Amino acid sequence: MATDNTATTAFGEVSRVRGIVFEYLSFGASVFGIFALAVLLIYVTIDAFDLANANPLWLLTYFITLVVPFLGFCLYSARDPAVTRRALVAAGGGLVAIAAVFTAIEAFVGQIPRLNWPLAYLFVVIIPLTGYLTYVGAQGRAGSVGFGLIGRLLGGTAIGLAFTVLFLVFDARLWFLVYTLGVVPAVLAYGYGRIRSVPTAQTAAVPVAIGGLFVAVFLRPVVDTYPTTVFIYLWTLAVPVAVAGGFVVNARGSRTAALAAAGGPLAVATGVGLLGQPLGLGVGGPNALLVVAVAGVPTAVYLHRVADVGEGVTGLGLPVLLVAGALAGALLVESFGLPAPDPWLNGSFVTEAPSRNAREAGLYPAIVGSVIIIAMVAALSFVLGVATSVFLEEYTADSGIVGALTRMVQINIANLAAIPSVVYGLLGLAVFANLIGFGFGTAVTASLTLSLLILPITIISAQEAIRSVPDDLRRGSDAMGATRWQTTKNVVLPEAFPGILTGTILALGRAIGETAPLIMIGAATTVFSAPTSLFSRFSAMPMQIYAWADFPQAEFRYGVVAAGVITLLIILIGMNGTAILLRNRAEGEN
Amino acid sequence: MAHNQEVDTEAMTRRGSLAALAGAGALALAGCTETESDSGGDGGSGSDSSDSSGSDSDSEMSSDDALSGSINIAGSSTVFPLMSAVAEEFAEANSEVQIDISSTGSGGGFANFFCVGETDFNNASRPIKEEEQELCAENDVEYIELIAATDALTVVINNNNDFATEMTVEELSQIWQSDAAELWSDVRDEWPDEEIDRYGAADTSGTYDYFIENVMGEDGHTSDYQATEQDNTIAQGVSGSEYAIGYFGFAYYFQNPDELTAVAVDNGDGPVLPSLETAASGEYQPLSRSLYTYPSTSSLGEEHVAEFARYFVSQTTNEDLVAGDVGYVPATEETQQEQMQILEDAIEQAQG
């Protein structure tokens, strides 16, 4: 007994108040930022889709035909009674809670502008619940199959569309020559070398490709007759995608299946591309061919894999479920004559030019400008950033004069990351626009300037990624007799790749939203047609959105700007999604 | 026997399909190539995206008739809505002409773009200044001055402000001059003892220059105010503070008359409210001003720029567009004819 007493007095009491206060302060800090952002995004979304004017019955119809079946699918895929119970409690309890809180606020505080309880329920309960159930459902087999299929359909379409946008400024005929004279011979040489184990043929691939490139550039002004764009796309993009898909299926299954998986989508794409417009399908032409081929082949390959594995085949019904739900909803809305909201962000907004009338205003030229700029920025900053960081981390010495120089470069790079973007705009104006003469406000000037702007971020994050590769791996590679180049290529870069991509994603996200340097280099506020070359004047999405924000009409400031912001976000998320998929794949391989 | 037959049919189909393929290939080669169409204009290395195969005569016809090329416009944010409305109509009718417009402020446009020969037009909400003329002359940029429309520079106050709805030019000057009044009561004794909250145009703006010249004169502009190129920011500032005052072009007030209260300005002949009518008749003085655009003479030598300039002048009397959509006062027929004459002379000189 006595010993017990002395122990407690000697140990004393430790106050836990500080710990608890700290915990809740940090919780509050994290919630505050996210909450403010969520409110902003909710309002922007409501404005962009005109949800404030949506009839509650209209919302209810689509909720029942589209959202409920989707949630059911996720629950079916998860097959977990506990999750089902939780979801039902959240949906039901959330409904009661939101309705009660809203009525209370409206009774005691006052009307909340442009928000009613069905909308609040949608944003506060249904969307997070859908996200959570999507995550849980994707863990199940059926869910992962369904989301995989939808991902390939959407992703393929997005990549196909991105290609069509790039071909607005890049010369398709030059690409045709480069592909035919450079890429095809090089791939053939490499493949031949691989199969027959002839190393000389493999090493010859690179010089062949470069030679082909030069011949193509030389021939471009000379040759006068080219296939039409449809055939160029078919030959240079659709056929290779199909062949690659065929190889993947062939390695896994039979030759017949490979032929079907590659040939089927290719035939459909060719049919749509060539005959779509004559037959009056409403779609057709080279762009349709490209999109159908790029979306169709991966989908077919995926279908084959699912059928081959034989698990979760029911998941393939998900796209059908969603399309049927949307159609049923549209049918019900039509037949009951429910007034539908009139969204600002609709088909014509992304395909039309800007206008002085809010209803006719579109973002198409700015979208094209942004996509082209960001594609070039991604390529440039990735190459320059990775090269710099590899050199700084793997090649330079740590001591002596070179080491001192390296440290100075390091410090400068770190400081460059903190320089305001306007300064980069001035630099771009002075160097790229005036000195080198790439022109005011052209895509080339813009993408070089933005590449420089994000280069420090790319370099620093790539350096971190390379540094985090364990030294044991390098030493092991050295011990096997590998040269430094071989170690870097085979060990360091594959290990560091996911980290490098993470940094690049963050940097590109910053570049796509940048306005100040674009203003400095004289990028146009508004253009009325999509650019036709890299040296024509560009507008970018943030520039156009900024201009709209100053229009006198309230429709522009509330509706059109919101639609522009959502479009920018969708493209940003699509871009990041692609990079994240690449990163996850690389992580999986490691 | 059965086996043989199978082989036979297979051979047949293979031969047949080969022949069909060859035929299709030949057809494809014959019918689905196109030749390099002459890329007209000076737009650079753009590839013509004419998807229709064949019918060379057609494409040549169109490339001969249609205007093509690019038109670069910069300058005043006040003229920006008017210029983009006209450009939108022109671009719709001439799909091969690429027009880009930047809203840089009158002075910014002259200094950074127009007088160094980067743009074809510069919009301005005041006449070109002497130092800008010198800069243009240094770079051999010649230009003409075209009147685009008339604007009524509008002084606005908060809707809850019921005392300052009428002001003399002298009082406006006291509020905005470099040695500005601090309190409303400093301007007129019966006004409240509250601080004046000022929102105005940034010094790159032509609106700023015009306001100084016609209201304060020698006394200059105060630096104790929120300066911005964005009318929207001024409007939000003024509508958010009861004792605020601001000024901007008429268009914003015209489109949102309920958000703010316009001040009736007294130039000695009694207070006059800004409106399309008072600005057109010249009653709203001294704040009704002409808006300008300056085409460069060398650019007018190109047919597509000349045609756009003609179209612009012809639209300055279009009431639906200038007054209805944008909110400025259209030019009179007489002004339009004068401007057209100036323009035609310049075009003739440039192209002849």
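In which sense do β7(B) and strand β12 (residues 264–266) of chain B pair, and over how many bridges? The two strands pair in the parallel sense over three bridges, where strands count as paired if DSSP finds at least two bridges between them. Helices (H or I, at least four residues) and strands (E, at least two) are DSSP runs numbered from the N terminus.

This is a predicted model, in which local features need pLDDT of at least 70 and side-chain atom pairs count only at pLDDT 80 or more, while totals for chains, interfaces and linings use all residues. Residues are numbered from 1 along each chain as its sequence is written, and chains are lettered from A and ligands numbered from 1 in the order in which they are written.

**The sheet in chain B**
- Strands β7, β12 and β13 of chain B form an open sheet in that order, with mixed pairing.
- β7 (166–168) and β13 (271–272) of chain B stand at the edges with a single partner strand each, so one side of each has no neighbour in the sheet.
- Within the pairing of β7(B) with β12(B), B:T168 has B:D266 as its bridge partner.
- Helix α6 (residues 169–176) of chain B lies across β7 and β12 of chain B and runs at about 85 degrees to β7(B).

**Helix packing in chain A**
- Helix α3 (residues 56–78) and helix α5 (residues 117–139) of chain A pack at an angle of about 20 degrees with their axes 8 Å apart; axes are lines fitted to C-alpha atoms, for helices over the stretch in contact, and angles run from 0 to 180 degrees between N-to-C directions.
- That angle makes α3(A) roughly parallel to α5(A), a label used for angles under 35 degrees.
- Among the residues that meet are A:L59, A:V67 and A:L71 in α3(A) and A:L122, A:I126 and A:L133 in α5(A), contact being counted if C-beta atoms, placed from the backbone, lie within 7 Å.

**Contact between the chains**
- Chain A contributes 37 residues to the contact and chain B contributes 39 residues.
- Several elements of chain A each supply at least two residues to the side that touches chain B, including α7 (172–196), α9 (229–252) and β2 (526–527), and β1(A) gives the most, with three residues.
- β2(A) and strand β3 (residues 97–101) of chain B run antiparallel and are joined by two bridges, with A:V527 standing opposite B:D100 in β3(B).

Terms used: Angles under 35 degrees count as roughly parallel, over 145 as roughly antiparallel, 65 to 115 as roughly perpendicular and the rest as oblique. Two residues are in contact if their C-beta atoms, placed from the backbone, lie within 7 Å.
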